[in-house]
Amino acid sequence: MTDPVADYLTRIRNAVQANHRIVDIPGSNLKREMTKILMEKGYILNYKFEDDNLQGNIKIALKYHPKTKVPAIKKLERISKPGLRKYGSHDELPRVINGLGIAIISTSKGLMTDKEARKEKIGGEIICQIY
């Protein structure tokens, strides 16, 4: 697999389109941190990290509106790709739907949202945006 982050986003996107409740994803430290950010910002219901002495698994419970069954995640989009990396300083980071969505940024202090990176005045690689 050449781009594990794109695979992570695609698995979540496909599960949302198929109205699945739970999605299994092969684990890595980067994917674990991305999952924690999605949970903090309310895009997923819950998650569980399973260790099998290899790479492990991530089980993600997707979030839907209780009555209308509309998913919390409308769109997942990969920004920085292996063939074309996208970087930005703290004042060049994108505002996703004028602040309603989030962009996940890989900084020297770890993964964080675009708002947190702007607040700490650090830039980095723009991994993806979610709304």
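How much accessible surface does the chain have, and what share of it belongs to carbon and sulfur atoms? The surface comes to about 7700 Å², and 50% of that belongs to carbon and sulfur atoms. Please keep in mind that this is a predicted model.

Some overall figures next. The C-alpha atoms fill a box of roughly 40 × 35 × 25 Å along the principal axes. For 131 residues, a compact globule would have a radius of gyration near 14 Å, and the 15 Å of this chain agrees with that. Of the 131 residues, 40% count as buried. Among contacts with a separation of 6 or more, 60% are between residues 24 or more positions apart.

On charge, there are 24 positive and 15 negative side chains. The centres of these two sets lie 7 Å apart.

Now the secondary structure. The chain has three helices and eight strands, and along the sequence the pattern reads α-β-α-β-β-β-β-β-β-α-β.

Which strands pair with β8? Strand β4, residues 76–78, pairs with β8 in the antiparallel sense over three bridges, and there R78 has C128 as its bridge partner. Strand β5, residues 87–88, is also antiparallel to β8, with two bridges; G88 is partnered by G124. Strand β6, residues 102–107, runs antiparallel to β8 and is joined to it by five bridges, with E125 as the partner of S106.

How values were computed:
Residues numbered from 1 in each chain as written. Predicted model: local features only at pLDDT ≥ 70, side-chain atom pairs only at ≥ 80, totals over all residues. Heavy atoms only, no water. Pairing = 2+ DSSP bridges. Helix = DSSP H or I, 4+ residues; strand = E, 2+ residues; numbered from the N terminus. Rg over C-alpha atoms; globule rule 2.2 N^0.38 Å. Buried < 20%, exposed > 50% of the residue type's maximum accessible area, 1.4 Å probe, protein only. Contact = heavy atoms within 4.5 Å. Areas by Shrake-Rupley, 256 points an atom, 1.4 Å probe, with all protein chains shown as cover. Lys, Arg positive; Asp, Glu negative; His and termini not counted. Charge placed at Lys NZ, Arg CZ, Asp CG, Glu CD.
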